[in-house]
Amino acid sequence: MKIYFENARFSNKTNIKRVFNTAIKETGNNVKDIAVCVKFVSEKEIARLNREIRNIDKVTDVLSFPMLEIVAPQKLFEFECERDMNGELFIGDIAICKRVASRQAKEFGHSFKREETFLALHGLLHLLGYDHLNEEDEKIMMSTAEKILDTHKINRGKNGI
C-alpha cells in the first residue's frame, strides 16, 4: 500500500503504515497498488473542510474523502477499472487535525501516537466503506479498528504506544 503523507514532519508514519497494511488484509481488501493520502491540517483547515463538505460548522478530529463509492461489504477488487494510468487504485484522502488529536489523547488518557494512529485508521476504514451511522455499524467499525490496533499493541490508556 502506498501512503502519501502531507504536512507529516513529526507524525507517526511507521505505525500508520503498519496499521494500514494490517487493515487492508484484515478487511479482505488486499489488492496490489492501493494508494491513499494522509494530510495533517490545522483546526482552521479542518473546520473549513467540515463546513464545506459536510455542512457542519465546527472543528473535528478526522475527515475522509473517498474516491470510490464503496459500501461495506464491497471490496476493492470490485473497483479494478478505477486504476490510474500508473496502475494505482487511489481510494481517497484522510485529513487529521493534530491539535484535536493531542487534546483527545490527553482526555482519553493515552499517547498522542495512539490517538493519531487510531484517527488515521478510522479514516481508512471510512474509505473502505465502513461507517457508524447506526449502532450496529458503529460496533462493527470500532471492533475492526480495535482488533487491528491490538495486533500492533496500540492500546488505550497508559500502556499503549
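Q: What makes F20, V38, L76, I91, I94, I96 and L121 stand out in the largest nonpolar core?
A: In this predicted model, those seven touch the most other members of a core that holds 37 residues. Elements giving at least two residues each include β1 (2-6), β2 (34-41) and β4 (89-97), along with α1 (13-26), α4 and α5. The largest share, seven residues, is from α4.

Q: Which residues does V38 touch, leaving out those up to four places away in sequence?
A: Contact here takes heavy atoms within 4.5 Å, and on that basis V38 touches I3, Y4, F5, E6, F20, I94 and I96. Besides this there's a second, separate core of eight residues, with I46, A95, C97 and V100 among them.

Q: Why is C37 called buried?
A: Buried means under 20% relative accessible area. C37 comes in at 5%, so it counts as buried.

Q: What lines the largest pocket?
A: The pocket has about 700 Å³ of space. It's lined by 27 residues, and H126, Y130, D131, H132 and M141 are the closest to its centre. Two or more lining residues come from each of β3 (62-66), α4 (112-127) and α5 (135-151), with α4 giving the largest share, six. By class, the lining has 15 nonpolar, seven polar and five charged residues.

Note on methods:
Residues are numbered from 1 along each chain as its sequence is written. This is a predicted model: local features need pLDDT of at least 70, side-chain atom pairs count only at pLDDT 80 or more; totals for chains, interfaces and linings use all residues. Side-chain values use heavy atoms; hydrogens and water are left out. Buried means under 20% relative accessible area, exposed over 50%, partly exposed in between (1.4 Å probe, protein chains only). On a 1 Å grid over the protein atoms alone, a cavity is a set of points where a 1.4 Å probe fits but cannot get out, and a pocket is an open set with protein on both sides within 12 Å along at least five of seven lines; lining residues have an atom within 4 Å of a point. Grid points are joined across faces, edges and corners, and a volume is the space filled by probe spheres set on the points. Helices (H or I, at least four residues) and strands (E, at least two) are DSSP runs, numbered from the N terminus. Ala, Val, Leu, Ile, Met, Phe, Trp, Tyr, Cys and Pro count as nonpolar, Asp, Glu, Lys and Arg as charged, and the others, Gly among them, as polar. A nonpolar core is a set of buried Ala, Val, Leu, Ile, Met, Phe, Trp, Tyr and Cys residues joined through side-chain atoms within 4.5 Å.
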